[in-house]
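Here is a friendly walk through one protein chain, meant to be read with the model open beside you. Have a look at the sequence and the fold, and then we can go through some details together.

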Amino acid sequence: QVQLVESGGGLVQAGGSLRLSCAASGRTFSGYVVGWFRQAPGKEREFVARIIWSTWGSGNTYYADSVKGRFTISKDNAKNTVYLQMNSLKLEDTAVYYCAARRIAATQYDDWGQGTQVTVSS
């Protein structure tokens, strides 16, 4: 099991930027896929982005269409941390953001963080 701790949320104006962090404890992310999800009030949780952790290189990434070109997921092997850089934020990006992890061969994310609030104001 991987314990996940998110940080970096907050209040930002539309067009601004935030960087979220997801740190793992208990074990490394090696052999895992790490994803970011979000849930807005009254809506279902939705996928945002994911990265396949690799020892070398930047890792294979994938994004939801709604954030492609604005958000970037990345990793720091030394810190065992995954980041979500969010640029050109829109009002509709307001949500609680969660990071999650699953083993590469798994189909479901089993480990989840507590979530961090991102609020975009006009």
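## Starting from one arginine

Where is the place of Arg 70? In this predicted model, Arg 70 belongs to the loop between strand 6 and strand 7. Is Arg 70 buried or exposed? With a relative accessible area of 11%, Arg 70 is buried, because buried means under 20%.

Looking beyond the neighbours within four places in sequence, you will find Arg 70 in contact with Gln 85, Met 86, Asn 87, Ser 88, Leu 89, Lys 90 and Asp 93. Gln 1 is 69 residues away from Arg 70 along the chain, and the C-alpha atoms of the two are separated by 31 Å.

## Strand 7 and its partner

Just follow the chain into strand 7, which covers residues 71-76.

Strand 8 (residues 81-86) pairs with strand 7 in the antiparallel sense, over six bridges. Across this pairing, Thr 72 stands opposite Gln 85 in strand 8. The two strands form a hairpin with four residues between them, and Asn 80 in the turn has a positive phi of about 50°.

Four strands form an open sheet with antiparallel pairing, in the order 1-3-8-7. Strand 1 (3-7) and strand 7 are at the edges and have a single partner strand each, so one side of each is left without a neighbour in the sheet. On average, neighbouring strands of this sheet are turned by 20° against each other, direction ignored.

## The nonpolar core

The largest nonpolar core holds 31 residues, and those that touch the most other members are Phe 29, Trp 36, Val 82, Leu 84, Met 86 and Tyr 97. Several strands give two or more residues to this core, among them strand 3 (18-25), strand 4 (32-39), strand 5 (46-52), strand 7 and strand 8.

## Aromatic pairs

How many aromatic pairs does a search of the whole structure find? The search finds six. One of them is formed by Phe 29 and Trp 53, a tilted pair at 5.2 Å centre to centre with 45° between the planes. This pair links distant parts of the chain, 24 residues apart: Phe 29 is in the loop between strand 3 and strand 4, and Trp 53 is in the loop between strand 5 and strand 6 (60-63). Phe 29 counts as buried at 0% relative accessibility, and Trp 53 is buried as well, at 8%.

Phe 37 and Trp 112 also form a tilted pair, with ring centres 5.0 Å apart and planes at 50°. Phe 37 lies in strand 4 and Trp 112 in strand 10 (residues 111-112), so the pair ties together parts that are 75 residues apart in sequence. Phe 37 is buried, with a relative accessible area of 11%, whereas Trp 112 is partly exposed, at 29%. Together with Phe 47, Tyr 62 and Tyr 109, these two residues form one aromatic cluster.

## Charges over rings

The charged end of Arg 102 sits over the ring of Tyr 109, 5.2 Å from its centre; Tyr 109 is a member of the aromatic cluster. The charged end of Arg 19 sits over the ring of Tyr 83, 4.1 Å from its centre.

Conventions
Residues numbered from 1 in each chain as written. Predicted model: local features only at pLDDT ≥ 70, side-chain atom pairs only at ≥ 80, totals over all residues. Heavy atoms only, no water. Pairing = 2+ DSSP bridges. Axes fitted to C-alpha atoms, helices over the stretch in contact; angles between N-to-C directions. Core = buried A, V, L, I, M, F, W, Y, C linked by side-chain atoms within 4.5 Å. Buried < 20%, exposed > 50% of the residue type's maximum accessible area, 1.4 Å probe, protein only. Phe/Tyr/Trp six-rings, centres within 6.5 Å; stacked < 30°, edge-to-face > 60°. Lys NZ or Arg CZ within 6 Å of the ring centre and 35° of its normal. Contact = heavy atoms within 4.5 Å.
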